[in-house]
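Biologist: Hello! Could we go through this model together, a few questions at a time?

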Amino acid sequence: MTTAQLEAPRGRRRIDRGLLIASIAISIGLVLVGFGVVVSVTGDEAANLPDEIESVVPVPDAVQALSQTNVVVDLQSGFTGELIIDGVTIPTIDLFEVDRAAELDLEPGRQVSLPPATVYEA
């Protein structure tokens, strides 16, 4: 064999058209997924709640919350609120007043029963 036969031919390799199209499609897909992750709004940000509300359980507009689920709203220090569920205002009871009334009326060891109400704890 001569040296001319051993050398690889020099020149441009042809680009496979199918591989090019697949690479472009994958690149576009990755860019769209990245864009979706960057602009998505989830959790407390999606609820669009005032800054005074630190957290809400269950999340607002929850579709599959059980009817006996406790509703907890954590507010910033110094704020009070009114709880309205499905258009019904729930009365608010101060936990300090419940404790004070329990000390006066109950014997030691008896439990305090609360009416269905919003319990406010400072």
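Modeller: Gladly. Let me start with a term: a pocket here is an open set of grid points where a 1.4 Å probe fits, with protein on both sides within 12 Å along at least five of seven lines. Please keep in mind that this is a predicted model.

Biologist: Thanks! What volume does the largest pocket have, and which strand gives the most to its lining?

Modeller: The volume of the largest pocket is about 1200 Å³. Its lining counts 37 residues, and those closest to the centre are Val 71, Val 72, Val 73, Leu 83 and Thr 118. At least two lining residues come from each of strand 2 (72–75), strand 3 (83–85) and strand 6 (118–120). With 4 residues, the one that gives the most is strand 2.

Biologist: And in what pattern do the helices and strands follow one another along the sequence?

Modeller: There are 4 helices and 6 strands in the protein. Read along the sequence, their pattern is α-α-α-β-β-β-β-β-α-β.

Biologist: What share of the residues is buried?

Modeller: Buried means under 20% relative accessible area. The protein has 122 residues, and the buried share of them is 5%.

Biologist: Why does Leu 20 count as partly exposed?

Modeller: Leu 20 lies in helix 2 (residues 17–39). Together with Ile 15, Ile 24, Ile 28 and Leu 32, Leu 20 forms a nonpolar surface patch with about 510 Å² of accessible area. Leu 20 counts as partly exposed because its relative accessibility is 43%.

Note on methods. Residues are numbered from 1 along each chain as its sequence is written. This is a predicted model: local features need pLDDT of at least 70, side-chain atom pairs count only at pLDDT 80 or more; totals for chains, interfaces and linings use all residues. Side-chain values use heavy atoms; hydrogens and water are left out. Buried means under 20% relative accessible area, exposed over 50%, partly exposed in between (1.4 Å probe, protein chains only). Patches are made of residues with over 30% relative accessible area and no salt bridge: like charges are joined within 9 Å, nonpolar side chains (Val, Leu, Ile, Met, Phe, Trp, Tyr) within 5 Å. Accessible areas come from the Shrake-Rupley method with a 1.4 Å probe; for residues, only the protein chains shown count as cover. A salt bridge is a side-chain nitrogen of Lys or Arg within 4 Å of a carboxyl oxygen of Asp or Glu. On a 1 Å grid over the protein atoms alone, a cavity is a set of points where a 1.4 Å probe fits but cannot get out, and a pocket is an open set with protein on both sides within 12 Å along at least five of seven lines; lining residues have an atom within 4 Å of a point. Grid points are joined across faces, edges and corners, and a volume is the space filled by probe spheres set on the points.
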